[in-house]
Every structure is written in structure tokens, then in C-alpha cells.
Amino acid sequence: MQNQSRTFEISEIASWFGPYNVQVHDNPYPFYTYLLEQEPVRYLEWHNMWVVSRYEDVNRVLKDPLFVRENRNAMPQQQQEEQPPQSQNTPWEPVNNLLDNWMLLRDAPTHTRLRGLVSHSFTPRSMERLKQNIRSIAEHLAERMAEEEQPDLIQSFAFPLPVIVIAEMLGVPPEDREMFKEWSHTFARILEGGGDQTPDFAEQSIRAAVEITAYFRSLIAERKVSPREDMISDLLAAKEQTDALTEQELIATCVLLLVAGHETTVNLIGNTMLALLNHPEQYARLLENPTLIPSAVEEGLRYESPVQMTSRLASVDYELGGQTIRQGQVVQVMLGAANRDPAQFSNPNQFDIGRTPNRHLAFASGAHFCLGAPLARLEGEIALTAMLKHYPQMHLADAAPNWRHNVLFRGMGTMHVR
Ligand code: HEM
């Protein structure tokens with residue numbers, strides 16, 4: 001049923017990228033099947049953007065430097081030179097000051113510099129050092145979950161685990177973590193773009209940006225005086241040596257890592273557990289053969305990708321799938337659809353924890369390949385290990401999954417289990 005093939009009207013396709021649409025978002029897969037089969041490279045007049053869904057095309061867009069992130073790099077040379085400096089005096093300035101310094105939204109050379117400065121925190125050696133601590137956090141949460149009558153796997157386990165880990169990595173004190181939930185959800189909606197840009201939402205976004213900036217500014221000031229063993233202190237030390245990272249860049253990087261830590265790995269854990277509970281034979285297979293845990297994590301990433309799409313701008317006129325994408329146009333690449341492309345994956349709609357090869361695009365590819373992928377994988381593996389150990393007989397208690405209202409990030413708000 002889940003992947004039944006049907007035709008989508010253009011208004012339906014357009015509404016997919018507009019305000020949240022429960023029917024399609026609860027089950028995007030028939031829509032993806034339609035795109036893959038009928039309209040793999042489709043222009044949407046309503047949004048003035050292209051939607052690209054096939055694995056090969058998505059991979060090509062992500063890897064080709066002719067597709068860029070920054071508006072100015074997508075303009076003809078002469079126009080780039082004529083661009084007036086960005087006005088700083090708009091109410092959105094606090095939001096823009098953060099987003100403009102996110103490596104995720106920049107091209108080389110700024111992207112390369114920002115990424116280079118934090119990449120050492122995500123090396124295999126750094127992961128090895130974190131392993132024991134992540135295990136004890138997961139154990140503690142799993143044990144506490146067992147005390148609840150009808151535990152909510154998301155709120156009691158999948159959400160706190162990555163949040164505690166990234167907060168500890170950065171050096172955010174435990175008592176402050178609660179504040180980040182709201183701020184992070186607001187940034188997830190800003191990233192989603194398009195949606196409901198109401199005056200209320202604008203006010204909420206600007207407030208979140210002002211507050212989170214002030215928060216990190218004061219934490220940075222504290223760490224300058226008394227450094228600790230955390231990422232902020234490390235980055236400050238690097239700054240002293242090379243003067244490479246400005247304070248605004250440091251604040252923006254902290255916010256990006258926190259948002260990434262809040263909005264993605266929780267979905268990896270929740271979505272993979274949901275798929276396992278919906279496929280009891282795979283759950284039993286994993287219990288019997290725990291060496292399949294890393295491969296189950298990869299299949300969870302492919303099957304219910306936590307990040308469903310991302311975008312790029314064409315910097316030249318570009319031929320793709322028999323269509324011409326014009327310079328400056330937005331290209332929405334559908335990671336969630338590419339991960340179900342039958343040209344790349346046999347039986348793509350089947351959840352198979354032993355799938356090999358499984359070269360999914362859940363972490364994207366190319367220059368912006370997820371920096372946190374080693375951490376997300378480690379957390380996913382430790383989370384599954386703890387769940388299998390404490391809950392060999394787990395069942396879903398909710399009649400239907402409670403998908404959160406965000407087209408970019410696919411994950412549940414709650415998931416009650418027995
Ligand atoms: C980039 C997915 C976890 C940090 C990305 C991108 C994707 C992604 C698809 C590329 C977006 C694009 O190219 O436009 C995921 C998924 C995760 C996850 C599915 C969990 C399962 C994390 C974690 C962190 C993190 C835990 C760090 C705490 C980043 C950063 C970038 C990024 C910094 C930007 C990299 C760059 O621009 O070079 N992630 N992510 N991610 N991710 Fe993740």
C-alpha cells in the first residue's frame with residue numbers, strides 16, 4: 001500500500017513544497033514513485049524551481065561545482081561585481097548574521113575554511129574518544145525509559161541522546177539544554193523555507209536568533225577566561241593561533257552544530273526503530289545477529305531518510321535529464337526519493353537490514369557531505385544496541401506515526417511503545 005503508484009496533479013506537486021500538507025507528507029513515497037517514474041527533472045512554475053529525484057541526477061547535482069549555494073555565485077560575473085553590499089539594517093539581520101556564516105550555505109573558499117576548522121572534531125579518533133560516554137548516556141536513558149508505563153521512545157530516548165552528546169561536545173552546561181529545543185526547532189523551520197512565513201513566524205525567528213547569539217556570546221566570553229575541554233575552547237585556541245575564525249563565525253558554527261545535532265540524529269534513531277517495529281522479522285534478525293547493527297543503521301538512513309531534500313543554484317545553463325536548467329534557478333534535490341530509486345537499489349521499497357551495497361545519499365555527497373556523519377552513525381549504532389538489549393520484545397503502541405510538520409526533516413514528534 002505504502003508505495004502505490006498514482007498520478008499527481010501539478011497543484012499537488014506544488015503544494016508539496018508549500019505549507020505542510022498532511023496527506024502527502026505522512027506518506028511521501030507514492031509521490032516519490034511518481035516523480036521517479038514520470039517527472040525525474042521537473043520545473044515548478046509556482047515556486048520557480050526544479051525538482052530532481054533520480055539517484056544519478058541528485059548525485060550529479062551535489063557533486064558538480066557548477067551547482068552552488070550562494071546567490072551571488074549563481075549570477076553572471078558582471079552582475080556579481082555590481083551587487084551592492086548586503087544591507088545590514090533589516091529586521092532579519094540577526095538571522096542572516098548566523099545563516100551567512102553557516103558552512104552549509106556557503107561555497108568555496110569560505111566553505112572550505114569554515115569546514116576545515118571544525119572537521120578535526122569528527123575524525124575517527126575523536127569518535128573513538130566519545131564512544132564510552134555516548135554508551136553510558138544511552139544506557140542511562142534506556143534504563144529510565146523502562147520505568148515509564150508507556151514510554152515515548154522519541155521524547156525519552158531518541159531526542160535526548162544526540163542533544164546531550166552535541167551539547168557536551170560544545171560545552172553547553174546541562175541546565176541550559178532545555179532552551180535549545182525551541183531555538184533549534186525554529187531554525188529547522190527557517191531552513192525549510194517557503195512554508196508559513198507569517199509575521200508571527202518572522203518574529204519568532206528573529207527572537208530565536210537574537211537569543212541564541214547572545215547565549216553563545218556570553219558562553220564564549222566565559223571560555224575565553226577559563227577554557228575547558230570542549231569544542232568552543234578548542235576553537236577559541238585555534239582562533240588565537242591563526243586568527244581564522246571571527247567571533248560571529250564561531251557563534252554561527254555552534255548554532256549550526258546544535259541544530260544539526262537536534263534535528264537529524266533523533267530522526268535516524270526514531271525512524272529506524274519505527275521501520276524495525278513495522279518489520280518484526282527484521283527486528284528478530286537483528287536480535288539474532290547484532291553484527292548487522294551498522295548495516296541496519298545504513299538501511300534506516302536510506303529507507304526513511306532524516307533529511308529529505310536540499311537545494312542548490314545553477315551557476316550556468318545546465319542540461320539535466322533532457323531539460324535545461326537556467327543559470328540562477330533553484331534546484332531542489334530529493335534525497336528521500338533518490339534513496340528509493342529502483343535504478344540504484346533493488347526492491348527499493350523493501351526494508352532490508354542486510355542490504356549490500358547500500359550507497360545511499362542520506363548524508364548527501366560532494367563538498368557538503370555531512371560533516372557529522374561519523375557521529376550520527378556512532379550514535380545510531382549505540383542507540384540500536386541499547387534498545388535491543390533493554391527491549392527485545394518491543395511493540396508500537398500508537399496506531400499511526402506522528403510525523404512532525406516539516407518537509408525537510410522527516411521524523412516523529414512522539415512514538416509510544418510497549
Ligand atoms: C550537512 C544529513 C547528523 C553536521 C549535512 C547534509 C546532509 C546531512 C544531507 C548536506 C546538506 C547539503 O548538502 O545541502 C544528516 C543526517 C544526520 C546528520 C541524515 C543524522 C542522521 C549531523 C550531526 C552533525 C551534523 C550529528 C553535527 C553535530 C552537519 C554539518 C553539515 C551537514 C556541519 C554541513 C557540511 C558542509 O556544508 O560542508 N548533513 N546530518 N550532521 N551536517 Fe549533517
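This is a predicted model: local features need pLDDT of at least 70, side-chain atom pairs count only at pLDDT 80 or more; totals for chains, interfaces and linings use all residues.
H11 brings Phe-180, Lys-181, Ser-184, His-185, Phe-187 and Ala-188, while H14 answers with Val-255, Leu-258, Val-259, His-262 and Glu-263. I sorted these residues by class and got six nonpolar, three polar and two charged.

Then I turned to the ligand. I found 28 residues around the ligand, and those that come nearest are Arg-69, His-111, Thr-310, His-368 and Cys-370. By class, this shell holds 19 nonpolar, six polar and three charged residues.

I checked side chains against the ligand's oxygen atoms. His-111 has a side-chain N or O atom 2.6 Å from a ligand oxygen. For His-368, I also noted 2.6 Å between a side-chain N or O atom and an oxygen atom of the ligand. Arg-312 places a polar side-chain atom 2.7 Å from a ligand oxygen.

Which elements give two or more residues to the shell? I listed helix H7 (110–118), helix H14 (247–263), helix H15 (265–278) and strand E4 (310–314). Our friend H14 turns up again here, giving the most to the shell with three residues.

Last, I looked at the iron atom of the ligand. Its only protein donor is Cys-370, through SG at 2.3 Å. I traced Cys-370 to the loop between helix H18 (335–338) and helix H19 (373–390).

Notes. Residues are numbered from 1 along each chain as its sequence is written. Side-chain values use heavy atoms; hydrogens and water are left out. A residue is near a molecule or strand if one of its heavy atoms lies within 4 Å of it. A polar contact is a pair of N or O atoms within 3.5 Å; within protein, one must be able to donate a hydrogen and the other to accept it, and residues adjacent in sequence count only if both atoms are side-chain atoms. Helices (H or I, at least four residues) and strands (E, at least two) are DSSP runs, numbered from the N terminus. Ala, Val, Leu, Ile, Met, Phe, Trp, Tyr, Cys and Pro count as nonpolar, Asp, Glu, Lys and Arg as charged, and the others, Gly among them, as polar. Donors are N, O and S atoms within 2.8 Å of the metal (3.2 Å for Na, K and Ca); water is not among the atoms, so sites may look incomplete. Contact means heavy atoms within 4.5 Å.
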